[in-house]
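Please look through the sequence and the model shown below, and then follow the paragraphs that come after them.

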Amino acid sequence: MTHQRYRDLAEWPLMGTALIFLAAYAWQVIGRLEDSGASWLEAVMWATWIVFAVDYAANLWLAPRRWDWFVRNLHELLIVALPFFRPLRLLRLVTLLSVLHRTVGETLRGRVVTYVAGSAGMLIFVGALAVLDVEQSAPDAKIVTFGDALWWAITTITTVGYGDLYPVTPIGRMVAAALMMSGIAVLGVVTASIASWLVQRVEDTAESVAEAVEEPVRAEVAELVAEISALRREIAELKENRTL
C-alpha cells in the first residue's frame with residue numbers, strides 16, 4: 001500500500017464521513033438539541049472524529065518522507081488533536097468538487113470556477129453553522145437564527161459587512177476573521193479567473209485578425225509560386241526544343 005494509493009481509496013469514504021459529520025453538526029446546531037436529544041448526535045460526531053484521526057495516522061505512516069509530511073500538515077494535526085477545532089474538518093468536503101470536475105470540461109478556467117463556487121458555498125454554510133453554534137446562547141447575541149447566520153456569512157465572505165449582524169463572542173469573532181480572509185482569497189481567485197478569460201479573448205481575437213490579414217497574402221504567394229513553377233517548366237521545354 002502506497003501513500004497515493006491509500007489517498008485514492010480513502011477519498012470517497014472520507015467524503016461520506018464528512019457528510020455525516022456535517023448533517024449531525026447542522027442538526028445539532030440548527031435544532032438546538034440538548035441533553036439526551038443531542039447525545040446520539042454527539043456520539044456520531046465523535047465517531048467521525050475517530051475516523052479522521054485514523055486517516056491522519058495512516059497518512060503519516062504511509063508518507064514517503066514522514067517528517068516533511070508532518071511539517072507541511074501541522075494544521076491536520078491541530079484539527080485531529082483538538083476536538084475544539086473539529087468543525088474545520090468539514091474542509092474535507094472539498095473532495096465533493098472532484099465529482100463536478102468531470103462535467104466542466106478540460107479547461108483550467110472551468111475547474112477554477114467550479115472549485116471557487118463550491119468552496120464559497122461550503123464556506124458560507126459552515127461559517128453560518130459555526131457562528132450560530134457559539135452565538136445563539138450568548139448574552140446580547142445578534143445572531144440567534146440560522147437565517148441570520150446565513151445572511152451574516154454571505155455579507156462577511158463577500159467583505160461587504162453591513163454591520164446589522166455581528167458576533168459578540170471571541171470564538172465568533174475568530175470565525176468571522178477566518179471567513180473574511182477566505183472571502184478575500186475567493187474574490188482573488190475570481191478576479192484572476194476573469195483576468196485570464198479577458199487575456200485569452202484578446203489573444204484569440206488577435207490571432208483571428210492576424211489570420212484574416214495573412215490569408216490573402218498567402219493566397220497571392222501561392223499563386224506566384226505556381227506561376228514561377230509554370231514558367232520554369234516552359235523554359236525547360238524551350239531549352240529541350242532548341243537542343244533538338
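A residue is called buried under 20% relative accessible area, exposed over 50%, and partly exposed in between, with a 1.4 Å probe and protein chains only. By that scale Arg65 counts as exposed because its relative accessibility is 60%, whereas Asp68, at 24%, counts as partly exposed. The side chains of Asp68 and Arg65 meet in a salt bridge at 2.8 Å, N to O, where the term stands for a side-chain nitrogen of Lys or Arg within 4 Å of a carboxyl oxygen of Asp or Glu; the count by this rule comes to one.

The model is predicted, so that local features need pLDDT of at least 70 and side-chain atom pairs count only at pLDDT 80 or more, while totals for chains, interfaces and linings use all residues. Residues are numbered from 1 along each chain as its sequence is written, and side-chain values use heavy atoms, with hydrogens and water left out.

Gln136 lies in the loop between α6 (108-135) and α7 (146-157), helices being DSSP runs of H or I with at least four residues, numbered from the N terminus. Leaving aside neighbours within four places in sequence, Gln136 is in contact (heavy atoms within 4.5 Å) with Val29, Arg32, Ile143 and Val144, and the side chain of Gln136 reaches the backbone oxygen of Val29 at 3.5 Å.

The buried residues of α7 are Ala149, Trp152, Ala153, Thr155, Thr156 and Ile157, and just after this helix Thr159 takes a positive phi of about 60 degrees.

Further along, Leu198 is found in helix α8 (residues 170-243), and Leu198 counts as partly exposed because its relative accessibility is 45%.

Notes:
Helices (H or I, at least four residues) and strands (E, at least two) are DSSP runs, numbered from the N terminus. A polar contact is a pair of N or O atoms within 3.5 Å; within protein, one must be able to donate a hydrogen and the other to accept it, and residues adjacent in sequence count only if both atoms are side-chain atoms.
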